[in-house]
Amino acid sequence: MKKDRLLAKWLNDDLSPAELAAFEASPDFEKYQKIKKYTAHLEIDDVDENAMLSSILSQKKTAPKVVPLHKKWMFRAAAIFLLFLGVTFAMKFFVPQTETANYGEKTTFLLPDNSEVVLNSGSEINYKKWNWNNNRHLELKGEAYFKVAKGRRFEVHTSLGKVSVLGTQFNVKARKNRFDVVCYEGRVKVNYANTQMLLTHGQSVSFENGKQTNTRIHSLKPAWTDNQICFYKENIRSLLDEVERQYNITIELNTKDTTSLFTGKLPAKNLDIALQIISTTYHLEAKKVSKNKIIFDEK
């Protein structure tokens, strides 16, 4: 195969300048270099030529078997290739996997058991594929909506609290000092500081600075999955932080009133309307000073 042949020639320092430049530009070259470094033991040991000659002369002459030199390098190339596959397998199954949703984006992906996860803007999840069905555990930074396949206990860990389920649909949000969990189907167990509670279909709980708020919800899934930003008794700074994430912009707030709480929805795909709602609610004036920066001033 062409790739194995190039490996063999590279290992034998037999590549032309043009071939060497192309090989070094390949995406796997750095890995081949590292593997080559750790396979130096594959070199053939030095041979005592005099002892070998005496041994040959004392034996019955037979037709010699010729092994082309390039085959030795082909064997070594094949060994490196197999080691490369082994490293790739280990990276895929043992090294933690990371899924992210950048500002202004949402990401949907499947876990090894086909549980579905939708990441909201500015969020990240880390998990390991190895032995997943027996250890369904992941770390969340930000907000995500889960449709969990039935199986063993499924745990979502955040810096503020933990959520445990067996098979259900729920939303978890951990931003700054606020921790929100909403159960859309089945049951979820929520752990926050010294508080442990069970949520069933249609129940929601929020914790902020040690204060707990329980509410009922009637929707079938989070509003943000339909490009709406939903808030329940959140201050203006938290509201603007979420708008920044959804639209990938920077917002400067110039007002003394930062304690009024907002409950309602903002569009996640129409910035002008979102700014108008915020301006009307808080008696502010929005100014677009650049493509990605908004300033709110008091009227």
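Before we click on anything, one rule about rings: those of Phe, Tyr and Trp (its six-membered ring) pair if their centres lie within 6.5 Å, and planes under 30 degrees apart count as stacked, over 60 as edge-to-face and the rest as tilted. Keep in mind that this is a predicted model, where local features need pLDDT of at least 70, side-chain atom pairs count only at pLDDT 80 or more, and totals for chains, interfaces and linings use all residues. Numbering starts from 1 along each chain as its sequence is written, and side-chain values use heavy atoms, with hydrogens and water left out.

**Stop 1: the whole chain.** Show it as a cartoon. The protein chain has seven helices and 18 strands; these are DSSP runs numbered from the N terminus, helices being H or I of at least four residues and strands E of at least two. Of its 299 residues, 38% are buried, meaning under 20% relative accessible area, with exposed over 50% and partly exposed in between (1.4 Å probe, protein chains only).

**Stop 2: the rings.** Select F109, Y127, W132, F146, F154 and F170, which form one aromatic cluster. The ring rule gives a count of nine aromatic pairs. Zoom in on Y127 and W132: their centres are 5.7 Å apart with 70° between the planes, an edge-to-face pair. Y127 is buried at 6% relative accessibility, and W132 is buried at 2%.

Now F146 and F170. Are they stacked or edge-to-face? Their centres sit 4.9 Å apart and the planes are at 15°, so this pair is stacked. F146 belongs to strand β5 and F170 to strand β8 (residues 169-175), 24 residues apart, so to speak a link between distant parts of the chain. F146 is buried at 0% relative accessibility, and F170 also has a relative accessible area of 0%.

**Stop 3: the cores.** A nonpolar core here is a set of buried Ala, Val, Leu, Ile, Met, Phe, Trp, Tyr and Cys residues joined through side-chain atoms within 4.5 Å. The largest has 30 residues, and I125, F146, F154 and F170 touch the most other members. Strand β5 (residues 136-147) supplies the largest share, four residues. Select I125 and its surroundings: beyond neighbours within four places in sequence, I125 is in contact (heavy atoms within 4.5 Å) with residues including Q97, F109, V117, L138 and F146. There's also a second, separate core of 21 residues, with I229, L240, L275 and I278 among them.

**Stop 4: two helices.** Colour α6 (residues 236-247) and α7 (residues 271-282), which pack at an angle of about 175° with axes 12 Å apart. The axes are lines fitted to C-alpha atoms, for helices over the stretch in contact, and angles run from 0 to 180 degrees between N-to-C directions.

**Stop 5: V181.** Finish in strand β9 (residues 178-185), where you'll find V181. V181 is buried, at 0% relative accessible area. Its C-alpha is 8.6 Å from that of Q203, 22 residues apart along the chain. Among the residues V181 contacts are V163, N171, V188 and L199.
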